[in-house]
Amino acid sequence: MAIPGEPENEERRCWLNEATALCRAEIKGPDVQGVPSHPGFPRGPRSRDMTRERAPPAPGSGAPLSGSVLAEAAVVFVVVLSIHAAVWDRYSWCAVALAVQAFYVQYKWDRLLQQGSAVFQFRMSANSGLLPASVVMPLLGLVMKERCQAAGNPYFERFGIVVAATGMAVALFSSVLALGITRPVPTNTCVISGLAGGVIIYIMKHSLSVGEVIEVLEVLLIFVYLNMILLYLLPRCFTPGEALLVLGGISFMLNQLIKRSLTVVESQGDPLDFFLLVVVVGMVLMGIFFSTLFVFMDSGTWASSIFFHLMTCVLGLGVVLPWLHRLIRRNPLLWLFQFLFQTETRVYLLTYWSLLATLACLVVLYQNAKRSASESKKHQAPTIARKYFHFIVVATYIPGIILDRPLLYVAATVCLAVFIFLEYVRYFRIKPLGHTLRSFLSLFLDERDSGPLILTHIYLLLGMSLPIWLVPRPCTQKGSLGGARALVPYAGVLAVGVGDTVASIFGSTIGEIRWPGTKKTFEGTMTSIFAQIISVALILIFDSGVDLNYSYAWILGSISTVSLLEAYTTQIDNLLLPLYLLILLMA
């Protein structure tokens, strides 16, 4: 399989060699030794048919369901039932019904991945992940509704219901897609999915206004088109569950941006929210534009590189900034400059973060120097070296959460835009940095970077930032949530920065007892839970705004549940774990 980041002709040569080997295997018989198996190379219709029976099964994709998939499903159902018990209304019953049908449909998705019969090319080193991804957005909407209802904010209470309904609609579409392309038609699963979908649609029909129903359908339409475009342009970058989570979120943000742009005269929103929406949507649209453009151009030439930089300036200055100006009703650059340097504390934080960014760059340069000294093209950074970035991110986010959360909100948005832009430069081989970035970042690849994009560092940033971005600020009292909810902004720090890092380091060094069906160890999970508990104690000491109100049992249960999910899931844990911990802490 061609290593992500290699030139396109290398990937094509790998595909030709693979196709030749498979043709020889067809002639000599199924027991030929030495026939390579590369599930990730680009396949045309003929090669996909030839390899359908030889594609290596994804974890949990065989029949019957493996123990690791059942354990992951059990953890997810524990979370769903916990939120259901805390909320206990018709919407939470819909979430339970959605989880049940997603559990059955996930098995069908896993079979499709195993047989190579999925519509698009998904990441093969994991199961489909439909169940854990399907319930995230609905549960997030439910807990948001509960918090805003308790705070007496009816607008954001309805917003939470729309979020939950949108998540259910998108998840049901993914289920229908899987069932529609499964042959023979799975009758029992179709009946279960139909009953669950009918209950959800009936309840939502009598709970949402006409405008809210239209909004849900708009997001679903955007999601369908983004699936067709991005999954075609970016093969093997996502599992079905990851695609549901990422593209569903982007679709919702795009619809919110369009809605707020059309009603900007009637409503005055928070400039921070507008800034996030415009930046994320603008970067995604920029990527789609350049991906389409470079189909007809060689992106590796100097002429194409100059054109890329010029068009980036045109799109930024001619589209993104005017769009943001219309929403916040002031000069975006002047507003950003005044915001960043408004107080002395912000100047100190920006200086401190700049030093940490320099340290991260030095780590990358040092690891690449070690690879050059080893004279081995297959040299990869060890697990501990990759976790250095987790420590750096923890050191970045904790002072920001304690001292100035709005500044951290904006800084994380800017950093996300920079990461995405640099990934475009690397992916399109834009001069003068494209080949250099390919060489540097290839050192930190793992099995999850099986597609043309390198996304693990972007997922790490998202996992740390989503709890900051998703805190319902209008529904908080005096800027803070009470009880276990006071730890919501720290969900990314605890789940990814501390828990995942400690589990990986200790599990790979001292771990001996493995969880059934996985490579994760019992020692890694236990040290992860212990480290997160210590981190909560330190947060209580240094952050005076956190008051847990004796909700220690719920916090311990939430941390333990998410740690077990980390042990069994094959999805991107940097993205999934913070969302689950956020949901549990906000309940």
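The protein chain has 22 helices and 0 strands; both are DSSP runs, numbered from the N terminus, with helices being H or I of at least four residues and strands being E of at least two. This is a predicted model, in which local features need pLDDT of at least 70, side-chain atom pairs count only at pLDDT 80 or more, and totals for chains, interfaces and linings use all residues. Residues are numbered from 1 along each chain as its sequence is written, and side-chain values use heavy atoms, with hydrogens and water left out.

**Whole chain**

- Of the 587 residues in the protein chain, 55% are buried (under 20% relative accessible area, 1.4 Å probe, protein chains only).
- Among contacts (heavy atoms within 4.5 Å) with a separation of 6 or more, 79% are between residues 24 or more positions apart.
- The protein chain has an accessible surface of about 26,200 Å², and carbon and sulfur atoms supply 67% of that surface (Shrake-Rupley method, 1.4 Å probe).

**V536**

- Helix α20, residues 522-542, contains V536.
- V536 has a relative accessible area of 8%, so V536 counts as buried.
- Not counting residues up to four places away in sequence, V536 touches L487, L494, L548, I555 and I559.
- From V536 to Y552 the C-alpha to C-alpha distance is 9.9 Å, and the two are 16 residues apart in sequence.

**D573**

- D573 lies in helix α22, which covers residues 573-586.
- D573 is classed as buried because its relative accessible area is 8%.
- Leaving aside neighbours within four places in sequence, the contacts of D573 are R448, V496, D500, E566 and P578.

Technical notes:
Buried means under 20% relative accessible area, exposed over 50%, partly exposed in between (1.4 Å probe, protein chains only).
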